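Biologist: Can you walk me through this model? Keep it quick, please.
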Amino acid sequence: MRDPDNRRLGEIIVEQNLVAPKQLQEALEEQKITGEKLGEILIRKGFVTKDAFEHCLSIQSGIATFDLSTYIIDPELLKLIPEDFSREYKLIPVFIIENVLTVAMADPTNIFIIDEIQRMSKMNVEAVLAQELDIRKAQDQYYGGAGTLAEIVASINKDKLAEGDKLGEEAPIIKIVNYLIVQAVQMKASDIHIEPEEKILNIRYRVDGMLKRQPSLPKNLSNAVLSRFKIMSGLDIAEKRLPQDGRILMKIGNKDIDFRVSTCPTVHGENVVLRILDKSGLVVGLESLGFPSREYGLFKEMITSPYGIVLVTGPTGSGKTTTLYSALQIINKEHLNIMTVEDPVEYQFPGMRQVQVNVKAGLTFASALRSFLRQDPNIIMVGEIRDRETAEIAVQAALTGHLVFSTLHTNDTPTVFTRLMDMGIEPFLISSSLLGALAQRLVRRICEKCKEYYEPKEELLRSLGLEDKIGKGLKFAKGRGCRICNQIGYKGRIGIFELLKVSPVLQELVIKKVSADEIREVAIKDGLVTLSFAAIEKLLAGLTTVEEVMRVTLEG
């Protein structure tokens with residue numbers, strides 16, 4: 001909070017060259033007659049914009065201005081301040097950080113009202129300045145929206161449903177969409193799926209890698225709800241026959257959250273998927289990802305090498321990007337030039353030059369990578385090696401003294417070599433440039449609050465290759481399901497890793513073009529822990545379940 005400026009508001013507005021003294025005098029004369037606030041008159045007459053006036057008000061009061069249009073308010077917060085009090089004093093709660101409640105107010109200098117809010121909320125209060133019109137809009141959108149989804153749906157005027165797309169601007173539809181977004185963020189979902197079916201609008205969240213069905217909405221709300229998402233992401237409401245991509249930047253509580261929005265026409269209407277990118281929830285740190293000590297040491301050795309290629313492999317959603325970000329964070333030092341090309345740039349980090357692929361403009365992985373070599377980089381991260389051209393430039397960069405990180409779509413580490421050969425890269429170039437490969441999967445972690453143990457049957461142990469554990473009192477864990485984990489039995493995910501370091505023996509095998517099976521056999525003798533064994537280690541440690549191990553083993 002800045003020190004307040006004791007001058008009159010009119011003086012500040014003139015000093016900022018927003019109005020001429022004659023215009024200010026005209027507004028002041030009108031104020032004596034109408035009793036309106038000075039700002040309302042100046043804005044109505046077109047002398048100043050709303051943003052410019054708010055800036056002057058902020059200078060005078062020393063209080064920060066607040067743009068409510070970029071926020072989604074958690075409906076639970078509204079229970080702290082009754083609606084009639086909120087409307088009478090033109091204010092609305094916005095978020096809480098460490099027992100400090102931030103409240104947007106039309107008059108944030110009213111200390112008596114701030115004291116009353118502190119009394120009723122039992123929290124310290126920080127007042128911020130917001131436009132009265134924006135506060136009123138927020139009140140209309142959110143109050144009455146703190147109930148269940150069914151209650152919000154029931155409040156909709158059924159006569160208006162025929163208006164379809166236009167209903168996307170109505171308060172009840174805004175409440176529904178805000179409710180869906182807030183709930184998904186609170187559940188730490190990675191994606192929101194809005195799926196029109198024949199008779200309902202289906203809602204699913206992807207939580208810990210698995211889609212979970214939510215209460216559906218009536219089919220007759222489809223157009224309005226989809227239109228609301230389009231309005232928020234800047235898409236064409238009228239275009240319903242072609243896929244569209246957009247983006248929503250919002251604040252929920254004190255979090256800056258980026259939503260990537262994708263629409264796709266289906267036989268029952270447009271399907272919408274929102275990818276939630278919450279940087280505050282991003283786990284960056286190899287230890288936090290679940291690396292065993294041996295693999296952690298080997299991987300750290302690879303990523304601190306002066307040059308070469310390190311590849312991370314696995315299917316979509318297996319955490320490859322997070323692993324690469326974690327590796328870059330470890331080695332991100334002031335004396336190094338780190339450049340990345342991604343599709344898209346999911347999270348932005350200080351100290352790195354990040355480039356987003358733009359195929360329409362001709363900016364591909366290969367073209368960006370080629371330009372990077374003229375930008376004096378030490379370390380390059382390529383989002384994915386998809387084709388021969390990108391692979392060739394990556395190898396060239398590694399052989400000319402650069403450290404290159406990238407991802408590749410293979411099931412395990414030994415098939416990395418054959419995949420690169422299939423792309424047309426010469427075996428001797430692969431063997432001399434590749435430092436190692438990391439294959440990974442994510443398994444759901446058992447909820448610690450409802451974890452319980454049981455003794456597995458003999459046939460189960462045999463199917464897992466654990467015959468030596470029979471009769472030794474071994475116990476597995478599972479989650480019973482509780483309020484903390486939404487009755488699922490899992491809370492969060494942990495990585496399992498298969499790390500293959502390229503040795504002189506493996507280099508010779510690659511040059512001889514041997515099969516992936518032969519490479520695997522030699523690597524296992526040399527200490528490679530396969531994905532299957534890595535998953536079983538997490539099972540024996542009581543971190544995950546048999547079902548998760550079987551799912552990953554079958555996938556891998």
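Predicted model: local features only at pLDDT ≥ 70, side-chain atom pairs only at ≥ 80, totals over all residues.

Biologist: At what angle do the axes of helix 14 and helix 15 cross?

Modeller: Roughly 20 degrees. The axes of helix 14 (residues 365–372) and helix 15 (residues 388–399) come within 8 Å. Angles under 35 degrees count as roughly parallel, and helix 14 and helix 15 are therefore roughly parallel to each other.

Biologist: Which residues in helix 14 meet helix 15?

Modeller: Phe 365, Ala 366, Leu 369 and Arg 370. On the helix 15 side they meet Glu 389, Thr 390, Ile 393 and Ala 394. By class, that contact of helix 14 with helix 15 has five nonpolar, one polar and two charged residues.

Biologist: Now helix 7 and helix 9. Are they roughly parallel or roughly perpendicular to each other?

Modeller: Helix 7 (residues 132–142) and helix 9 pack at an angle of about 75 degrees. The range for roughly perpendicular is 65 to 115 degrees, so that is what helix 7 and helix 9 are to each other. Their axes are 8 Å apart.

Biologist: What touches what there?

Modeller: Helix 7 brings Asp 140, Gln 141 and Tyr 142. Helix 9 brings Ala 171, Ile 174, Lys 175 and Asn 178. The contact of helix 7 with helix 9 has three nonpolar, two polar and two charged residues.

Biologist: On to the inside. How many residues are in the largest nonpolar core?

Modeller: It has 68 residues. Leu 68, Ile 176 and Phe 259 have the most contacts inside it. Helix 9 (residues 171–186) gives the most to this core, with nine residues.

Biologist: What does Ile 176 touch?

Modeller: Leaving out residues up to four places away in sequence, Ile 176 touches Leu 149, Ile 152, Val 153, Ile 156, Leu 217, Leu 221 and Val 225.

Biologist: What about Asp 208: buried or partly exposed?

Modeller: Buried means under 20% relative accessible area. Asp 208 has 17% relative accessibility, so it counts as buried. Its phi is also positive, near 55 degrees. Asp 208 lies in the loop between strand 6 (200–207) and strand 7 (210–218).

Biologist: Last topic, the overall picture. How many helices and strands does the protein have?

Modeller: It has 22 helices and 19 strands. Along its principal axes the C-alpha trace spans about 95 × 60 × 50 Å. Of the 556 residues in the protein, 50% are buried.

Biologist: And contacts along the sequence?

Modeller: Take contacts between residues at least 6 apart in sequence. Of those, 64% join residues at least 24 apart.

Definitions and conventions:
Residues numbered from 1 in each chain as written. Heavy atoms only, no water. Core = buried A, V, L, I, M, F, W, Y, C linked by side-chain atoms within 4.5 Å. Buried < 20%, exposed > 50% of the residue type's maximum accessible area, 1.4 Å probe, protein only. Helix = DSSP H or I, 4+ residues; strand = E, 2+ residues; numbered from the N terminus. Contact = heavy atoms within 4.5 Å. Axes fitted to C-alpha atoms, helices over the stretch in contact; angles between N-to-C directions. Parallel < 35°, antiparallel > 145°, perpendicular 65-115°, else oblique. Nonpolar A, V, L, I, M, F, W, Y, C, P; charged D, E, K, R; others polar.
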